[in-house]
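Dear colleague,

Please find below the structure that I am handing over to you.

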Amino acid sequence: MCDSFSSSVFNHRTDEYGGSAENRARFAVEAVRAVYRQSSEIPIDYKLTVRQAIPLYGSADVVESEPGIFVPILVEASVTSFHVTLANHSGLEDTILSTNCLYFKEQVHFLKFVIRFCSILISLSLMLAG
């Protein structure tokens, strides 16, 4: 459900939960804070799926430029680690790409996300898949 609110593709709300990336992050922030209030001793891992624009990959979730907005807001809400993946909801066979995928010609297609997230998340755990 957090992904649906976070995505500009699915979220067409015009209230405080829609529009800007900050507003679209609001539902996730409230959910994380509610979990933290109930169980502050457990770590909170957040799955953040990223939609790539060029070449187009993924059908929803946050665009490449938005993790820099979402991550600090979620960290402030008490997220302790992130599980970052490329967004694709069309089929499981595309979730982890083969090296001969037509969208990417190199095995290091996800490297730019690793570099970007490592620069944002200096002190948190990070898991990247894709």
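Which residue in S2 is the bridge partner of Val50? The partner is Val62. This pair belongs to the parallel pairing of S1 with strand S2 (residues 62-63), which runs over two bridges. Please bear in mind throughout that the model is predicted.

**Overall organisation**

The chain contains four helices and four strands. Of the 130 residues in the chain, 39% are buried. Among contacts with a separation of 6 or more, 65% are accounted for by residues 24 or more positions apart.

**Strands S1 and S3**

The pairing of S1 and S3 is parallel and extends over six bridges. Within S3, Val84 is the bridge partner of Leu48. Strand S1 is largely enclosed by the rest of the structure, because five of its seven residues are buried.

Two side-chain features also deserve attention here. Ser81 is found in strand S3, which spans residues 81-86. The side chain of Ser81 makes a polar contact with the side chain of Asp45, at 2.7 Å. Ser81 has a relative accessible area of 13% and is therefore buried.

What is the arrangement of the rings of Tyr46 and Phe82? Their centres are 6.3 Å apart and their planes stand at 65 degrees, so the pair is edge-to-face. It links distant parts of the chain, since Tyr46 belongs to strand S1 (residues 45-51) and Phe82 to strand S3, 36 residues apart. Both Tyr46 and Phe82 are buried.

A search of the whole structure gives three aromatic pairs. One of them joins Phe5 and Tyr17 in an edge-to-face arrangement, with 6.0 Å from centre to centre and 70 degrees between the planes. Phe5 lies in helix H1 (residues 2-6), whereas Tyr17 lies in the loop between H1 and helix H2 (21-38), so the pair ties together parts that are 12 residues apart in sequence. Are these two residues buried or exposed? Phe5 is buried, with a relative accessible area of 13%. Tyr17 also counts as buried, at 16% relative accessibility. Phe5, Tyr17 and Phe27 form one aromatic cluster.

Which residues of helix H3 (residues 67-76) are buried? They are Pro67, Phe70, Val71 and Leu74. These residues lie on the same side of H3, because they cover an arc of only 95 degrees around the axis.

Ser78 follows H3 and is found in the loop between H3 and S3. The phi angle of Ser78 is near 105 degrees, a positive value in a residue other than glycine.

**Positions brought together in space**

Ala34 has its place in helix H2 and counts as partly exposed, at 32% relative accessibility. Although Ala34 and Ala77 are 43 residues apart along the chain, their C-alpha atoms are separated by 9.4 Å.

The other pair consists of Ser65 and Val50, which are 15 residues apart in sequence and 9.2 Å apart in space, C-alpha to C-alpha. Ser65 is located in the loop between S2 and H3. Its relative accessibility of 60% places Ser65 among the exposed residues. Val50 is the residue with which this message began, as the bridge partner of Val62 in S2.

With kind regards

Methods. Residues numbered from 1 in each chain as written. Predicted model: local features only at pLDDT ≥ 70, side-chain atom pairs only at ≥ 80, totals over all residues. Heavy atoms only, no water. Buried < 20%, exposed > 50% of the residue type's maximum accessible area, 1.4 Å probe, protein only. Polar contact = N/O pair within 3.5 Å; in protein donor to acceptor, adjacent residues only side chain to side chain. Contact = heavy atoms within 4.5 Å. Arc of directions from axis to C-beta. Phe/Tyr/Trp six-rings, centres within 6.5 Å; stacked < 30°, edge-to-face > 60°. Pairing = 2+ DSSP bridges.
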